[in-house]
Amino acid sequence: MGTSVQVTPLCGVYNEDPLSYLVSIDGFNLLIDCGWNDHFDTSILHPLSRVATTVDAVLLSHPDTLHLGALPYAMKRLGLSAPVYATEPVFRLGLLTMYDHYLSRKQISEFDLFTLDDIDSAFQNITRLTYSQNYHMTGKGEGIVIAPHVAGHLLGGTVWKITKDGEDVIYAVDFNHRKERHLNGTVLESFVRPAVLITDAYNSLNNQPSRRQRDQEFLDAVMKTLRADGKVLLPVDTAGRILELILILEQYWAQHHLTYPIFFLTYVSSSTIDYAKSFLEWMSDSIAKSFEHTRDNAFLLKHVALLINKSELDNVPDGPKIVLASMASLEAGFSHDIFVEWAADTKNLVLFTERGQFATLARMLQSDPPPKAVKVTMSKRVPLVGEELIAYEEEQNRMKKEEAMKATLIKEEESKATIKAELPVGDAMVIDAGTTHTSSDAAVMHGDVYRDIVIDGFVPPSSSAAPMFPFYDKSSEWDDFGEIINPDDYVIKDEDMDQAFMPVGGDIDAKFDEGSASLMLDTTPSKVVSSELTVQVKSSLIYMDFEGRSDGRSIKSILAHVAPLKLVLVHGSAEATEHLKQHCVKHVCPHVFAPQIEETIDVTSDLCAYKVQLSEKLMSNVLFKKLGDYEIAWVDAEVGKTESDMLSLLPLSNPAPAHKSVLVGDIKMADFKQFLASKGVQVEFAGGALRCGEYVTLRKVGDASQKGGAAAIQQIVIEGPLSEEYYKIREYLYSQFYSL
């Protein structure tokens with residue numbers, strides 16, 4: 001049998017809940033994504049809690065809460081302790097996303113599911129990988145290779161390729177084939193016939209307009225509101241799709257010399273843009289090339305102001321403006337408060353650029369028709385005063401005293417235990433700490449007169465060990481070359497380097513907004529005050545799809561091209577999942593699975609894989625030919641066994657049978673056209689074929705993939721009369737391949 005593969009969804013199947021899946025490869029448990037929703041509902045993490053301690057490694061695909069939001073909580077409360085792997089942008093921007101969510105929640109509730117220290121602790125141990133980097137697992141995962149590839153949805157977003165024994169397991173959710181302003185499209189189509197493909201059905205029922213049409217409709221709606229003296233609110237994520245929206249507005253404002261103010265308001269806005277400036281190599285080719293040639297950084301913003309506090313926005317003169325504020329769900333954050341203030345004005349516009357999470361205010365407002373009034377809870381944190389402050393301080397003092405007493409008792413117990421364990425019995429310099437002497441005792445003692453006189457009137461504390469400070473002889477070892485040292489003492493570890501660049505206050509990024517940092521360090525006693533109110537929704541509400549995901553038609557086309565042997569569908573409504581499942585059974589591959597929560601499915605390959613050893617006798621007679629970075633050869637052998645009972649390929653005992661020549665390689669007709677032209681042959685494309693000279697025609701027949709997922713063989717057909725020209729063209733064609 002092939003490599004054993006089992007998939008168990010922990011969250012996010014047959015619905016739009018966060019994503020979290022357990023993939024077991026030959027007993028090695030990979031947790032792929034560890035998402036949470038904006039409600040931070042602990043009930044959806046129950047399946048994860050049952051397997052968290054068995055996880056051997058965690059792979060993160062995107063820097064938003066749906067893919068990594070539960071990581072700090074799982075490591076603090078659920079016993080998750082496995083190493084974590086992600087790209088650099090997912091690590092950095094994911095950290096900022098969690099900071100922003102924590103600070104937003106802390107301002108409106110007594111949020112205690114995790115702290116900033118828990119976030120730092122969870123993210124500090126992430127191993128960062130670059131695109132296409134092969135990382136070899138060790139220990140229990142020996143033989144497994146993981147590699148991140150471009151997903152095209154968010155900056156640093158990842159399609160994970162997991163390989164063992166030549167079989168590939170591809171995890172590709174939330175991918176985007178379209179090239180955008182700041183991101184290249186996904187490379188998912190470059191994978192052909194993997195053993196298992198795990199993908200989502202989230203967008204399988206949706207179709208999208210062209211990017212140009214979508215962008216124009218977006219800008220038209222924004223400009224129409226601004227010219228009518230209205231205000232535009234865009235509820236956005238912290239550090240994901242917001243980058244594409246900022247570039248659209250920045251470029252349009254620069255081209256048309258507009259002066260309407262644009263504000264990007266989150267607790268980590270300036271840090272988000274700072275990181276975006278430094279991640280150009282992770283972005284689209286156009287951005288990277290622009291920076292190479294002109295040193296023009298696309299995220300040196302001239303028309304977008306960065307704010308980290310709503311009071312800064314309140315100080316801006318009233319008038320038409322655009323505010324991009326977190327959170328996209330409107331459940332918390334600055335966008336919630338701004339919506340409450342602006343919703344009652346008919347001139348204003350609330351423009352949603354992504355579908356709201358289930359059961360959130362944003363999802364409610366995106367319904368058709370939208371509600372005319374909504375009930376919201378307004379909460380804010382206020383300082384304690386008067387009796388409440390006095391009671392709080394008394395309670396804090398009481399708790400400090402209790403902690404101090406506990407610490408003292410623990411220290412005394414540890415000291416006594418240390419004394420008994422370390423000090424030799426009968427040492428003349430040791431005073432018996434457990435015996436106290438009085439002056440009358442000193443008069444009758446003869447052998448210890450002088451010692452008692454020394455301590456008369458002074459009783460040493462219980463923790464004292466000797467009447468003088470101990471002296472330890474740290475003699476060094478020397479050899480012919482000098483003092484012997486331990487090289488490990490002089491190695492600068494990566495963690496130490498990270499700590500060296502940490503600012504006072506503990507932010508591991510060294511790029512955190514001062515205003516947000518002051519919020520973290522603010523220890524002023526406070527409480528949360530809440531009130532219910534009904535908001536009359538009179539402003540315009542528009543939803544436009546800027547989620548950066550492939551639509552249904554593109555998903556079906558890509559899956560048919562990839563043609564996996566087995567397909568697992570996750571994350572999407574029940575209707576979308578069943579629709580894509582039925583389509584894939586007919587047009588992609590016969591083995592399509594759509595498991596339920598905690599349902600383990602076995603997607604082990606039906607192919608048989610064996611490890612064989614190439615014997616020295618066989619290899620000594622093999623002639624290799626260079627093919628690019630590789631060397632290839634044709635081998636005729638028979639299977640035998642070594643002394644250790646391992647399968648081995650041995651030379652044939654009888655003469656090798658003749659075989660037809662095999663042409664190895666691939667050719668693009670456009671490249672071959674240029675080659676022929678360089679040889680003086682008149683050549684042109686006509687009717688999908690390549691006409692060479694007067695009589696010879698070349699054409700490719702066969703498709704890259706066939707119905708059912710089987711790969712077809714593409715052939716190049718030479719048509720024309722047998723002539724000197726025919727044989728010359730055929731010889732040129734053969735020269736483009738390697739013959740075995």
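This is a predicted model: local features need pLDDT of at least 70, side-chain atom pairs count only at pLDDT 80 or more; totals for chains, interfaces and linings use all residues.

Visitor: Okay. Are Trp-36 and Phe-40 buried or exposed?
Guide: Both Trp-36 and Phe-40 are buried.

Visitor: How many aromatic pairs are there?
Guide: The count comes to 18 aromatic pairs. Trp-36 and Phe-40 make an edge-to-face one, with 5.2 Å centre to centre and 85° between the planes.

Visitor: Which cluster are those two in?
Guide: Trp-36 and Phe-40 share one aromatic cluster with Tyr-73, Tyr-102, Phe-111 and Phe-114.

Visitor: What about Tyr-267 and Phe-334?
Guide: That aromatic pair is tilted, at 4.6 Å centre to centre and 40° between the planes. The pair links distant parts of the chain, 67 residues apart: Tyr-267 is in the loop between β13 and α8, and Phe-334 is in helix α11.

Visitor: Why does Tyr-267 count as buried?
Guide: Because its relative accessibility is 7%. Phe-334 counts as buried too, because it comes out at 6%.

Visitor: Where does the charged end of Arg-128 sit?
Guide: Over the ring of Phe-91, 4.1 Å from its centre. Likewise, Arg-295 has its charged end over the ring of Phe-291, 4.8 Å from the centre.

Visitor: Switching to strands: what order do β25, β28 and β29 take in the sheet?
Guide: The order is β25-β29-β28, in an open sheet with mixed pairing. β25 (613-614) and β28 (637-641) are the edge strands.

Visitor: How many bridges join β28 and β29?
Guide: Five, in the antiparallel sense. Lys-641 stands opposite Leu-647 in β29.

Terms used:
Residues are numbered from 1 along each chain as its sequence is written. Side-chain values use heavy atoms; hydrogens and water are left out. Two strands pair if DSSP finds at least two bridges between them. Helices (H or I, at least four residues) and strands (E, at least two) are DSSP runs, numbered from the N terminus. Rings of Phe, Tyr and Trp (its six-membered ring) pair if their centres lie within 6.5 Å; planes under 30 degrees apart count as stacked, over 60 as edge-to-face and the rest as tilted. Buried means under 20% relative accessible area, exposed over 50%, partly exposed in between (1.4 Å probe, protein chains only). A charge sits over a ring if NZ of Lys or CZ of Arg is within 6 Å of the ring centre and within 35 degrees of the ring normal.
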